[in-house]
Amino acid sequence: MAEPAVSRIVILDFGSQYTQVIARRIRECQVFSQILRFDASAKEIAALQPDGLILSGGPASVYGKDAPHPDKGIFDLGVPILGICYGVQLMAHHLGGKVEHSTRREYGPGLLRLTRSSSPLFHNLPKVLDIWNSHGDKITKMPRGFQAIGKTDNSPYAVIEQPKKKFYGLQFHPEVVHTPRGKDILANFVYQICGCKMDWTMGSFIDQTCEEVRRQVGSDHVILGLSGGVDSSVAAALLHKAIGDQLTCVFVNNGLLRSNEAETVQRVFGDNFHVKLKYVDASTRFLKRLKGVTDPEGKRKIIGNEFVRVFEDATKSLTRGKKSKFKFLAQGTLYPDVIESVAIGGNPAALIKSHHNVGGLPKNMKFKLVEPLRQLFKDEVREVGAQLGLPKEIVQRQPFPGPGLAVRILGDITRERLRILREADAIVVAEMKASDWYYRVWQSFAVLLPVRSVGVMGDERTYAQTIAVRIVESQDGMTADWVKLPYELLAKISTRISNEVKGVNRVCYDISSKPPATIEWE
């Protein structure tokens with residue numbers, strides 16, 4: 001007997017940095033969501049049998065020379081459609097309405113006033129809502145058959161609908177936390193309009209992903225780089241569940257790891273999970289390649305390239321000169337890694353930085369990629385890890401960048417500078433755990449700055465290094481805010497670093513949010 005179809009919402013990505021946030025909000029409704037490129041054909045979309053379609057926002061103008069446009073056939077699929085920001089402008093543009101550049105842009109908070117309260121999109125919602133805007137264009141003429149049901153100070157057509165066809169459009173962003181009732185709006189679209197069922201969970205994701213991995217890999221073998229971080233650890237546990245001994249994990253000591261990293265990884269996966277695990281000490285090799293490199297992108301590219309080369313050498317040693325049985329390289333790539341690494345052309349979203357999991361891979365790589373977590377956020381990954389039985393020390397571990405301490409050392413990377421940062425970082429983590437703050441924040445770590453300053457220790461003048469402490473709270477890593485820690489805790493961290501880490505005489509606290517800053521310094 002065939003399994004019943006799972007409810008599905010398809011999202012077309014027109015370049016918004018928050019397209020995946022839309023997908024995440026849908027998943028929070030326990031409905032499966034899937035992102036496709038903006039130019040996916042109507043035939044391709046129809047084959048997925050979606051219950052609804054969402055057109056994301058984006059930075060372009062519908063009249064722009066290189067503006068992304070959808071296949072017009074999507075409007076004839078007979079499924080409900082929700083356009084968000086640029087998405088509603090596309091809907092208006094292609095269905096006979098008019099979009100113009102506004103003399104008064106709307107960025108930031110605003111008020112939405114509903115002019116009709118009977119729309120299922122606003123079921124059980126008040127007539128006045130706080131919303132978040134980010135647009136320079138606006139609709140000045142609605143397509144035939146549409147009606148306006150909400151307005152803002154700048155736009156009489158802030159919400160439009162065509163109830164017979166179940167077409168809806170929002171000029172604001174319901175997916176962001178700055179629109180407090182936005183999740184309720186999306187839930188109404190999913191449940192009230194599309195008729196979706198709550199049939200997608202992390203448990204169902206695990207089952208589906210295991211099936212997909214088995215189909216992709218077949219009888220071939222997979223090699224995975226295990227760093228000890230949440231992402232690679234959960235990827236290893238998930239793949240081990242899917243293909244068992246076809247998976248071999250390689251733990252590469254690149255010399256850029258945190259304190260006691262090697263011991264923890266070998267204990268959890270070698271002793272507890274009984275995963276095939278090979279340890280490779282390549283620290284000298286990585287540090288030699290990084291010598292004198294100060295550019296952040298240069299570091300990431302070098303580490304990404306060297307990482308794969310080490311893997312290729314490891315597979316040769318594992319096969320003892322015979323033809324390699326490893327056809328696939330697995331990675332714990334998450335969606336925030338992907339969206340921040342895609343340059344204009346492959347996707348309308350602008351490049352922020354390359355991740356070694358994504359943008360740092362060599363073009364002539366000999367492996368095919370397996371990325372089972374590519375469409376998940378960090379909190380979803382943690383839930384998957386918990387369901388797979390990983391211990392709390394792994395599942396609740398704070399995010400750690402793939403390039404390791406290399407991107408937390410600004411400037412040249414040397415063994416001495418690594419020692420300083422490693423010791424300072426260990427103090428930050430120890431004090432955060434001792435004060436019960438570690439699991440309450442998104443990330444807490446130390447950064448070594450390329451700054452030396454004058455200080456006094458005892459009766460002697462010092463000229464030593466500066467450590468910046470970075471502690472942020474976030475839901476998914478896409479946005480973040482600095483944490484207002486108790487002064488007593490900050491003082492203890494600072495005092496311990498200054499007293500215990502040789503070569504440091506100054507500690508600063510980073511009070512920047514994302515945006516405009518990123519969480520990592522490089």
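This is a predicted model: local features need pLDDT of at least 70, side-chain atom pairs count only at pLDDT 80 or more; totals for chains, interfaces and linings use all residues.
Residues are numbered from 1 along each chain as its sequence is written, and side-chain values use heavy atoms, with hydrogens and water left out. Helices (H or I, at least four residues) and strands (E, at least two) are DSSP runs, numbered from the N terminus.

**Helix pairs**

- The axes of helix H5 (residues 202-217) and helix H11 (residues 378-387) come within 10 Å and cross at roughly 80°; axes here are lines fitted to C-alpha atoms, for helices over the stretch in contact, and angles run from 0 to 180 degrees between N-to-C directions.
- H5 and H11 are therefore roughly perpendicular to each other, a term that covers angles of 65 to 115 degrees.
- On the H5 side Met202, Gly203, Phe205 and Ile206 meet Glu380, Glu383, Val384 and Gln387 of H11, where contact means heavy atoms within 4.5 Å.
- The residues of this contact between H5 and H11 comprise four nonpolar, two polar and two charged; Ala, Val, Leu, Ile, Met, Phe, Trp, Tyr, Cys and Pro count as nonpolar, Asp, Glu, Lys and Arg as charged, and the others, Gly among them, as polar.
- Helix H8 (residues 283-290) packs with helix H9 (residues 296-319) at an angle of about 150°, their axes being 10 Å apart.
- In the contact of H8 with H9, H8 contributes Arg285, Phe286, Arg289 and Leu290, whereas residues of H9 including Lys299, Ile302, Ile303 and Glu306 take part from the other helix.
- By class, the contact of H8 with H9 has six nonpolar, no polar and six charged residues.

- Helix H6 (residues 230-243) has 14 residues and reaches 20 Å from its first C-alpha to its last, close to the 20 Å expected at 1.5 Å a residue, the expected span being 1.5 Å times one less than the number of residues.
- Twelve of the 14 residues of H6 are buried, meaning under 20% relative accessible area, with exposed over 50% and partly exposed in between (1.4 Å probe, protein chains only).
- Serine 233, which is found in helix H6, is buried with a relative accessible area of 0%, and it touches Leu226, Gly228, Phe269, Leu390 and Ile394, not counting residues up to four places away in sequence.
- After H6 comes glycine 244, whose phi is positive, near 55°.

**Helix H13**

- The 20 residues of helix H13 (residues 415-434) should span 28 Å at 1.5 Å a residue, and its end C-alpha atoms are 28 Å apart, which agrees.
- Among the buried residues of H13 are Arg417, Leu418, Ile420 and Leu421, and the buried residues of this helix pack against H8, strand S15 (443-457), strand S16 (460-473), helix H14 (487-500) and strand S18 (504-509).
- Aspartate 436, which follows H13, has a positive phi, near 65°.

**Backbone details**

- Lysine 514 and proline 515 are joined by a cis peptide bond with omega of about -15°, and the bond from proline 515 to proline 516 is also cis, with omega near 10°.
- Glutamine 30, in the loop between helix H1 (19-28) and strand S2 (32-37), has a phi near 60°, a positive value in a residue other than glycine, and is partly exposed at 29% relative accessible area.

Notes
Angles under 35 degrees count as roughly parallel, over 145 as roughly antiparallel, 65 to 115 as roughly perpendicular and the rest as oblique.
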